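I opened this structure to look up a few strand pairings and helix contacts. My notes follow the display.

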Amino acid sequence: MSDLERLKHLLLADEREALLLAEQRIAALEQTHRELATRLPSLVRAAPQEPMTRALASPVAAALGNAVHENRASIIDALFPVIGPIIRKAIAEALRGLMRDMNQVFEHGFSPRGIRWRIEAWRSGVPFAQVVLKHSLNYRIDHVFLIERDSGLVLHRASSPGLPELDADAIAGMLTAIGQFVRDSVGPEGDESLEAARVGEHLLWVLDGPRASIASFIQGVPPDTLRVILSDRLEQIHAQMAGDRLQGEEQAGALQTGLDPLELVAASAALSDRRESATSKSSRWPVLLILILVLAALTWHFVRVERWNTRVDALRAALASHAGFLLTDLESKPWRSLSIDGLLDPDAVAVAPMVEAADLGGVRAQLRTLGFVSTDDPVLVRRARRLLAAPATVTLDARNGALRVQGTAEPAWIDANQARAGWLAGVRSVDWQVRPVDDGSARRNAAHAELTGLAARFEHDHVSFAHDVDSDAVSAKVLDQLAASLVRVAALSVEFGIPVKLGIEGHTDSVGSSETNRKLRLARAVWLRDKLRDRGAPAGLLQQADLGEIAVEKDSTFRGASLRLTVGASGP
């Protein structure tokens, strides 16, 4: 070993030894850590349960909370098959219980017994449901003990079939001690005693006599008649015990107690039936009288309300059929008030007289109306007569919005109102059949003369072509004059019934063959007809016009188109 190594050993020996020990501890811890996973189950089982539970409670709760927060959907999916049936079962049980309670209440609600129970609830201030439970809940007597009052000995005991035996001596001692405690501490004169107590699910009844007491363990809600039966049995036992003091079970066995639980329940039910029968017999007539009075009052009320409803329905039907009135609301309180709201056209017949004439037994109906425009035919006729100021010689009629005006009137009225009739609100179409008051012969002759003058003008007014149909030399002014003249011709013909016949002629020069010129004349006549239609000439008059074939050549050099008008007789 060199001097340097010897020096290192002298200086670092302790540190090297500590480092070696540390490496050994680290290696041991790593080995323990690797073996911990396999040893952990056995260590958990071997650890004391209570400290382990306390130690794991907080981390397990935190881990479960984090798992629920982060994986809520997965946990819900995992718990759904378990929670679903539990919830459905709980809901089904709750619904069954609710149905049983409802059936019981409905079953007893309107029967004579139910009426008596309602009266009892009203007189005692106890809810009706508690009274129903009191009278209808089943009960049974599980155990009955006959105990000698002074010594606390059990003279007799009886239990319902199928129930285990109780320690009669212990129960008797307990009841004796409790009774003595009550008498000593509660009763100032020593006369107070224990009468009832709740022991678990049992109701304990104690009936004391001079020499013996009866203790009964009861499940359910017993009726008052059971206490009467137990008191009667206790009196009978005291009658048998009179004279000799019985001690011990040998002497008590000779007693005819009649404390069998089933017999006591049957006797209590029989007594209840007898009481109910006696009560029902004694109170039948007052109940019947009350029922008759109630039935008569209800019948009178319903008949009165029905009479009111019949009258209101008749008024409602009359309002619904009233032209120009729209019923929006009707509030009725039988024989107290009637409020009517609606919309009324100003031209409709007033509704107030009809409402005031209704038989409502002295009730004054309140009528509130707002204005609107009605399209009912009667209202439309009244509106037309008012706005048109129709004379008496003119009759108005409407059907589904179509207004028909007939009769005779002054020409000035006809001219002023014929166009206005179609502007009335609600009018869809107008059938105007009004004739002037006079025979109109003078005007008809004047119209015939005007038509004749127009026919003469058509002989001179014509459209000429410089070269062909498409020439730019066509005079637009002549076309406009011809169109306006045709409009006037149609108006006079329709107004005065004067028949007219229009011809449209095309003209060519002598150049060309006969067939070519014929086709060209027809084409020029058609062209003139189309140009006149575009400028507003009556389409019906142009449609019936003769085209070109009856044309008479003006001269051999004229090229163009013209109109020819034939005017018929002016009529009577």
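These entries record what I looked up, topic by topic. I note at the start that the model is predicted.

I began with strand 7, residues 337–344, and asked how many of its residues are buried. Six of the eight are, so strand 7 is largely enclosed by the rest of the structure.

I then looked up its pairing with strand 6, residues 325–333. The two strands run antiparallel and are joined by eight bridges. Strands 6 and 7 form a hairpin with three residues between them. In that turn I noted W335, whose phi is positive, about 60°.

Next I checked strand 8, residues 366–371. Strand 7 and strand 8 run parallel, with six bridges between them. Here I found S339 opposite Q366 of strand 8.

I moved on to an open sheet of three strands, in the order 9-10-11, with mixed pairing. Which strands are at the edges? I recorded strand 9 (394–399) and strand 11 (429–436), each pairing on one side only. The twist from one strand to the next averages 5°.

Within this sheet I followed strand 9 to strand 10, residues 402–409. Six bridges pair them in the antiparallel sense, and V394 stands opposite G407 of strand 10.

Helix 12, residues 377–388, lies across strand 9 and strand 10. I noted an angle of about 145° between helix 12 and strand 9.

In helix 12 I selected R385. Is R385 buried or partly exposed? Its relative accessibility is 33%, so R385 counts as partly exposed. Leaving out residues up to four places away in sequence, I listed its contacts as A390, P391, V394, T395 and L396. I also looked at A421, which is 36 residues from R385 in sequence, with 9.9 Å between their C-alpha atoms.

**Helices 15 and 16**

Last, I looked up how helix 15 (residues 476–496) packs with helix 16 (residues 514–534). Their axes are 9 Å apart and the angle is about 70°. Helix 15 is therefore roughly perpendicular to helix 16. From helix 15 I recorded L479, L482, A483 and L486 in the contact, and from helix 16 W527, L528, K531 and L532. I sorted these contact residues into seven nonpolar, one charged and no polar.

How values were computed. Residues numbered from 1 in each chain as written. Predicted model: local features only at pLDDT ≥ 70, side-chain atom pairs only at ≥ 80, totals over all residues. Heavy atoms only, no water. Buried < 20%, exposed > 50% of the residue type's maximum accessible area, 1.4 Å probe, protein only. Helix = DSSP H or I, 4+ residues; strand = E, 2+ residues; numbered from the N terminus. Pairing = 2+ DSSP bridges. Axes fitted to C-alpha atoms, helices over the stretch in contact; angles between N-to-C directions. Parallel < 35°, antiparallel > 145°, perpendicular 65-115°, else oblique. Contact = heavy atoms within 4.5 Å. Nonpolar A, V, L, I, M, F, W, Y, C, P; charged D, E, K, R; others polar.
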